[in-house]
Each structure stands twice: as structure tokens, then as C-alpha cells.
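User: I have a structure open and want to go through some of its packing. Can we take it piece by piece?
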Amino acid sequence: MIEPSSSSWPLRKLLNQFDRYYAAYMLIWNYYGWAEEGTPSPTLARLKAVSGLSPRQLTSFVTVLKQAGLVSAEPEAANRRRSILRPQALLIEEISRSCVAFLAAHDHIHDGDLARLAAASPDGLGRMIWASARQILSSGTIIAPFPTVLAMAGYDGGYPVLTAIMADHYRRSSGKPRIALGYAALAERFQVSRSHVGNVLGRLHQTGAIGPDRAASVALVDEFEQWSISEMDHYARLVSSLPRQGRPGPDRGPDGRDSD
């Protein structure tokens, strides 16, 4: 989770903030619900009902996603005046990075193969997010009961910085070299400003979640691990129950392309 992005776009700043991440998650749900179940067309209007953003914020966010090549807007074959929002592979892969990381951890513990199965294709990841989002819409987010992790996710770059602190904790406990947790190093790694890093570290210091040397507190480690267990179980159940292949969506041929 702390590997630098290969994209020239500041993807980690754009997508690793909870409100925008959630909106992108639901954009993927919107598309794959249509592709898998024939739900209403995945338009911007339909996304507005579930994105969690205001209509103005969502329109602006989707515009940026289009400019970054993360989403395409394509005329629907049945009604060419209506555009469907299609998530591109890079968006699906970026949004699912933490999901796959949790699956890999689950595989390590249980000697499984779920991460490889989920990540075999962007469509496989998209179907996993679609199934997850259906559960979230009915039962709430997995992150909600974990206040520190949720608070960090609300900052630009907050979640990656938190994972860097936890990676540093585990590396130190195993006798490995520490992760660079300086303002400049974290800002460069996660494509955010030093002030964004400062906001995250300041909040963690203020609440006692990290010490003066930026070491994670016992309470933070416990919360992070309990949250990780919840996420591992969530995605493992989903991937274990998903069919290996989905059916083509409405107006799409057997190869998955639009019939027109």
C-alpha cells in the first residue's frame, strides 16, 4: 500500500480520501450492476443518488476522472442521448489496491489463493467491488466502527500515511530498517503536499495514536488490526462466493463490447 504510484497524475491524493474513494467505489458499483444484473444505466444521474457527494462535487469529481483517463462517458446503444460512465482498468485497479492487499494477507494466513483470483482481470476486480458495494449499501461500511482509521481516511493522503506508519511498526518489530516518515518523504511518496502530511501526523499526535518518534501506539495497532481482520473477512467471503465469469451487460456482445 505504500508503493509510489506509477501514474503522473496525483492518484493517491485524488482517490485516497474517503469521500472521493467512496464515490469512485460507487461509480464502479453503478457500472457493474448494469453489466451483471441489468440494473438501470450507469449514468451520472443514477450515481448522484449513492455517491455521498453533493451534485456539484460529484460532477466536478467525475470531470477530473475523465480528464485523467480513469472514466469514459459513452453513449448508450439503446438511447444515444444518455451517457454511461464506464470505469477504466486503472481506476478499478487503484480503488481495489487495499482490497487485494487484504485478500493477500488472508491468503497468507489461510494458505489461500483469493488475491490472485480477484486480481486476474479488471472485470474480476470490478465484480468484487460491485458485490462489496451492494453489501455496504444495505449494511454500512466496514470502516465505520474504527474511528481513528476512518478519521485518517478523511484526509487527503491520510490512509496511505497511516499504512506507512503501520508498515514502519511491523518492520521495526521484525528488526528491519524503518520506513522514512519525514514530511518530505511521505509527501513525495503519496503525491500530496507537506501540509497534508502535517495534518495527518498532527491529528495522530494530538490523539496519542503515535509517539514523538511516530511509533504507533498499542491502541492504534489494535484498532488497525481489528479493522484489517474485518476487511479480510469481508473480501474473502465475497471472492469465495462470486462466479468466475459475469455475463455481458445490456447492449453488449459476447466479447463484452457494445453491440453497436
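User: Which helix does His-106 lie in?
Analyst: His-106 is part of helix H6, which covers residues 97-110. Keep in mind that this is a predicted model.

User: Is His-106 buried or exposed?
Analyst: Buried. Its relative accessibility is 14%, and the cut-off for buried is under 20%.

User: What does His-106 touch, leaving out residues up to four places away in sequence?
Analyst: Asp-111, Leu-114, Met-232, Asp-233 and Ala-236. Of these, Met-232, Asp-233 and Ala-236 are also among the H13 residues that meet H6.

User: Where is H13, and at what angle do the axes of H6 and H13 cross?
Analyst: H13 spans residues 218-241. The two axes come within 8 Å and cross at roughly 90°. Angles of 65 to 115 degrees count as roughly perpendicular, so H6 and H13 are described as roughly perpendicular to each other.

User: Which residues in H6 meet H13?
Analyst: On the H6 side they are Cys-99, Phe-102, Leu-103, Ala-105, His-106 and Ile-109. They meet Trp-227, Ser-228, Glu-231, Met-232, Asp-233, Tyr-235, Ala-236 and Val-239 in H13.

User: How many residues of that contact are nonpolar, polar and charged?
Analyst: The contact of H6 with H13 has 10 nonpolar, 2 polar and 2 charged residues.

User: Switching to the cores. How many residues has the largest nonpolar core, and which have the most contacts inside it?
Analyst: It has 49 residues. Those with the most contacts inside it are Tyr-25, Leu-65, Leu-91, Ile-95, Leu-103 and Met-128.

User: Which helix gives the most to this core?
Analyst: Helix H2, residues 18-37, with 13 residues.

User: And what does Leu-65 touch, again leaving out residues up to four places away in sequence?
Analyst: Leu-65 touches Leu-14, Leu-15, Leu-27, Leu-70, Val-71 and Leu-91.

User: What does the second core include?
Analyst: That one is separate and has 32 residues, including Met-152, Tyr-159, Val-161 and Met-232. Met-232 is also one of the residues His-106 touches.

User: Now the rings. How many aromatic pairs are there?
Analyst: There are 7 in the structure. One of them is Tyr-31 with Tyr-32. Their ring centres are 5.1 Å apart and their planes are at 85°, so the pair is edge-to-face.

User: Are Tyr-31 and Tyr-32 buried or exposed?
Analyst: Tyr-31 is buried at 2% relative accessibility, and Tyr-32 is buried with a relative accessible area of 3%.

User: Last one: which residues form the aromatic cluster?
Analyst: Phe-102, Tyr-159, Phe-224 and Trp-227 form one cluster. Phe-102 and Trp-227 also take part in the contact between H6 and H13, while Tyr-159 belongs to the second core.

How values were computed:
Residues numbered from 1 in each chain as written. Predicted model: local features only at pLDDT ≥ 70, side-chain atom pairs only at ≥ 80, totals over all residues. Heavy atoms only, no water. Helix = DSSP H or I, 4+ residues; strand = E, 2+ residues; numbered from the N terminus. Buried < 20%, exposed > 50% of the residue type's maximum accessible area, 1.4 Å probe, protein only. Contact = heavy atoms within 4.5 Å. Core = buried A, V, L, I, M, F, W, Y, C linked by side-chain atoms within 4.5 Å. Axes fitted to C-alpha atoms, helices over the stretch in contact; angles between N-to-C directions. Parallel < 35°, antiparallel > 145°, perpendicular 65-115°, else oblique. Nonpolar A, V, L, I, M, F, W, Y, C, P; charged D, E, K, R; others polar. Phe/Tyr/Trp six-rings, centres within 6.5 Å; stacked < 30°, edge-to-face > 60°.
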